[in-house]
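Visitor: I am new to this structure. Please walk me through how to read it.

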Amino acid sequence: MNKKIKKILDKKNKSKIICLTAYSKNVASILDKYCDLVLVGDSLGSVLYNFKSTKQVTLETMINHSKSVRLGIKKSLMVVDMPYNTYRNPSEALKNSRLVMKETKCDAVKLEGGKKIIPMVERLIRNKIPVMGHVGILPQTDKKFTFKGKKTKEIERILKDSKLLENAGVFSIVLECVETKLSKKISNHIRIPTIGIGSSVNCDGQVLVTDDLTGLSQSKLKFIKKFVNITKLIETGVKKYKSEVLTKQFPKAKHSFSK
Ligand code: KIV
């Protein structure tokens with residue numbers, strides 16, 4: 001087993017697992033110092049490209065961003081989201097995941113869904129491609145983005161899907177916007193770690209979109225906490241730059257070349 005994956009598994013019930021998203025090298029290299037897992041999420045569709053849904057994200061876009069992220073990662077586990085319509089059947093899932101693994105040198109891929117995707121997950125794992133699961137809100141296919149776990153039927157389905165994914169061999173499952181009691185139930189019910197986003201402190205680890213926690217995005221979803229406001233810092237620098245260029249204080253002789 002991949003040593004980095006073993007490290008993640010070993011944290012269950014011992015220490016929280018720290019995960020964040022990265023879409024490029026410079027951010028990835030900062031996160032790498034603090035994270036156990038860095039995810040190249042297809043959330044980049046809305047965050048970077050203003051897409052209405054992650055359905056528009058292509059395999060090529062994921063591969064290009066992941067290649068950049070790879071350059072910034074030394075120690076964390078790197079996981080890449082398989083975009084919409086790239087894993088509709090086992091052979092498509094295998095062909096595309098193999099391409100992602102080969103091109104990006106990532107450690108694992110993430111697929112969204114439960115029972116429906118089990119044949120694809122099994123095919124990948126049989127072919128030694130580590131898989132992370134994702135239940136709760138499924139941005140690639142859900143029409144409504146409201147939290148999951150309100151109704152008994154939904155609770156039973158998500159619980160069952162999590163167990164099916166565990167049995168299929170995923171090493172971890174993202175729980176997206178799963179109700180607090182249900183995330184506890186799932187986390188207690190399966191032996192692999194759960195990674196929550198909007199799913200309470202009950203999960204074995206947490207993930208956020210880095211642009212949200214740094215205040216680069218304007219997202220105001222309930223589960224987001226802005227830990228810092230990078231937009232303000234960038235504005236301060238840009239304003240200073242503008243002022244110094246206008247007043248000819250920049251560039252100085254030390255920034256210039258002379259024979
Ligand atoms: O696409 C993404 O960034 C994700 C995380 C929010 C879990 O799937």
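Visitor: In which segment is P251 found?

Guide: First, a word on the model. This is a predicted model, where local features need pLDDT of at least 70 and side-chain atom pairs count only at pLDDT 80 or more, while totals for chains, interfaces and linings use all residues. Residues are numbered from 1 along each chain as its sequence is written. Helices (H or I, at least four residues) and strands (E, at least two) are DSSP runs, numbered from the N terminus. P251 sits in the segment after α10 (230-246).

Visitor: What kind of peptide bond joins F250 and P251?

Guide: Start with the general idea. Most peptide bonds are trans, and most residues other than glycine have a negative phi. The bond between F250 and P251 is cis, with omega about -5°.

Visitor: What is the phi of N85, and where is N85 found?

Guide: N85 has a positive phi of about 65°, although it is not a glycine. N85 lies in the loop between β3 (77-81) and α5.

Visitor: How many helices and strands are there in the protein?

Guide: The protein has ten helices and eight strands. Its C-alpha atoms fill a box of roughly 70 × 35 × 35 Å, taken along the principal axes.

Visitor: What radius of gyration does the protein have?

Guide: The radius is taken over C-alpha atoms, and the globule rule is 2.2 Å times the number of residues to the power 0.38. For 259 residues, a compact globule would have a radius of gyration near 18 Å; the protein has 20 Å, which agrees.

Visitor: At what angle do helix α4 and helix α5 pack?

Guide: Axes are lines fitted to C-alpha atoms, for helices over the stretch in contact, and angles run from 0 to 180 degrees between N-to-C directions. Helix α4 (residues 59-72) and helix α5 (residues 90-104) pack at about 30°, with axes 9 Å apart. Angles under 35 degrees count as roughly parallel, over 145 as roughly antiparallel, 65 to 115 as roughly perpendicular and the rest as oblique. Therefore α4 and α5 are roughly parallel to each other.

Visitor: Which residues of α4 and α5 meet?

Guide: Two residues are in contact if their C-beta atoms, placed from the backbone, lie within 7 Å. From α4 come L59, M62, I63, S66, K67 and R70; from α5 come N96, V100, E103 and T104. For residue types, Ala, Val, Leu, Ile, Met, Phe, Trp, Tyr, Cys and Pro count as nonpolar, Asp, Glu, Lys and Arg as charged, and the others, Gly among them, as polar. The contact of α4 with α5 has four nonpolar, three polar and three charged residues.

Visitor: How do α6 and α7 pack?

Guide: Helix α6 (residues 118-126) packs on α7 at about 20°, with axes 9 Å apart. The two are therefore roughly parallel. I118, V121, E122 and I125 in α6 meet L164, L165 and A168 in α7. That contact holds six nonpolar, no polar and one charged residue.

Visitor: And how far apart are the axes of α7 and α8?

Guide: They are 10 Å apart, and helix α7 (residues 152-168) meets helix α8 (residues 180-189) at about 30°. That makes α7 roughly parallel to α8. In α7 the contact uses I155, I158, L159, S162 and K163; in α8, L182, K185, I186 and H189.

Visitor: Which residues surround the ligand?

Guide: A residue is near a molecule or strand if its C-beta atom, placed from the backbone, lies within 6 Å of it. T21, L39, G41, D42, S43, D81, V174, I197, V207 and V209 surround the ligand. This shell divides into five nonpolar, three polar and two charged residues.
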